[in-house]
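Have a look at the fold first, then read on.

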Amino acid sequence: MNISTRFAVAIHILTLIDSNKDGKSTSEWIASSVNTNPVVIRRITSMLHKAGLVDVRPGVAGAKLTRSVSEISLLQIYKAVNAVEEDSLFAVHEHPNPDCPVGKNIAGAIVPVFSLAQKAMESVLQEVTLEQIVNEIPVS
């Protein structure tokens with residue numbers, strides 16, 4: 001599978017921001033939870049901002065959600081961070097032998113199935129909200 005880890009990190013970021021409503025969710029603070037570099041957090045947060053999911057202002061520390069977690073679907077997050085391109089969740093090996101009947105036709109046989117599988121997964125992501133993820137996180 002070719003899903004980027006940006007998707008999981010983006011969910012982590014948004015869940016963390018929601019858990020810190022009264023505090024400042026800085027990239028450094030978020031990075032300490034994700035266990036990555038703040039630059040990675042800023043890059044993904046910028047993508048979430050462009051998708052209208054978070055509010056960030058240059059030179060001002062902290063990020064805020066632009067809407068309730070019940071109004072954010074996992075599909076919106078998935079698309080915001082370009083987790084995968086359309087119909088490219090599953091990769092097909094390149095350059096099969098064109099002289100082989102299987103090699104010549106395998107892509108045509110499996111790509112439609114892969115496309116349906118991706119659409120099914122995206123349909124599931126559309127039905128799951130960030131609120132459902134937040135509710136699965138134990139409060140300490």
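## Confidence

Keep in mind that this is a predicted model. The protein chain averages a pLDDT of 92, and 97% of the residues score at least 70. Among the elements, helix α6 (residues 130-134) has the highest mean pLDDT, at 98, while strand β2 (residues 60-65) has the lowest, at 87.

## Helix α3

Helix α3 runs over residues 38-50, 13 residues in total, and spans 18 Å from its first C-alpha to its last, close to the 18 Å expected at 1.5 Å a residue. Its buried residues are I41, I44, T45, M47 and L48. Looking down the axis of α3, they fall within an arc of 155°, so they line one face of the helix. In general, an α-helix has 3.6 residues a turn, so residues three or four places apart point the same way.

So what do the buried residues of α3 pack against? Their partners are α1 (6-19), α2 (27-34), β1 (54-57), β2 and α4 (74-80). On the face of α3 turned away from the buried side sit the exposed residues R43 and K50.

The N-terminal end of α3 is capped by N37, with a side-chain oxygen 2.8 Å from the backbone nitrogen of V39. After α3 comes G52, with a positive phi near 80°.

## Helix α2

In α2, the buried residues are S27, I30, A31 and V34. These cover an arc of only 105° around the axis, which puts them on the same side of α2. The cover over them includes α1 and α3. N35 follows α2, and its phi is positive too, near 65°.

## Aromatic pairs

How many aromatic pairs turn up in a search of the whole structure? The search finds 2. One of them is F7 with Y78, an edge-to-face pair at 5.3 Å centre to centre with 80° between the planes. F7 lies in helix α1 and Y78 in helix α4, so this pair ties together parts 71 residues apart in sequence. F7 counts as buried at 12% relative accessibility, and Y78 counts as buried at 2%.

F90 and F114 also pair up: their ring centres are 5.0 Å apart and their planes sit at 35°, so the pair is tilted. This pair links distant parts of the chain, 24 residues apart, with F90 in the loop between α4 and α5 (101-127) and F114 in helix α5. F90 is partly exposed, with a relative accessible area of 26%, and F114 is partly exposed at 24%.

How values were computed:
Residues numbered from 1 in each chain as written. Heavy atoms only, no water. pLDDT = per-residue confidence, 0-100. Helix = DSSP H or I, 4+ residues; strand = E, 2+ residues; numbered from the N terminus. Expected span 1.5 Å × (residues − 1). Buried < 20%, exposed > 50% of the residue type's maximum accessible area, 1.4 Å probe, protein only. Arc of directions from axis to C-beta. Contact = heavy atoms within 4.5 Å. Polar contact = N/O pair within 3.5 Å; in protein donor to acceptor, adjacent residues only side chain to side chain. Phe/Tyr/Trp six-rings, centres within 6.5 Å; stacked < 30°, edge-to-face > 60°.
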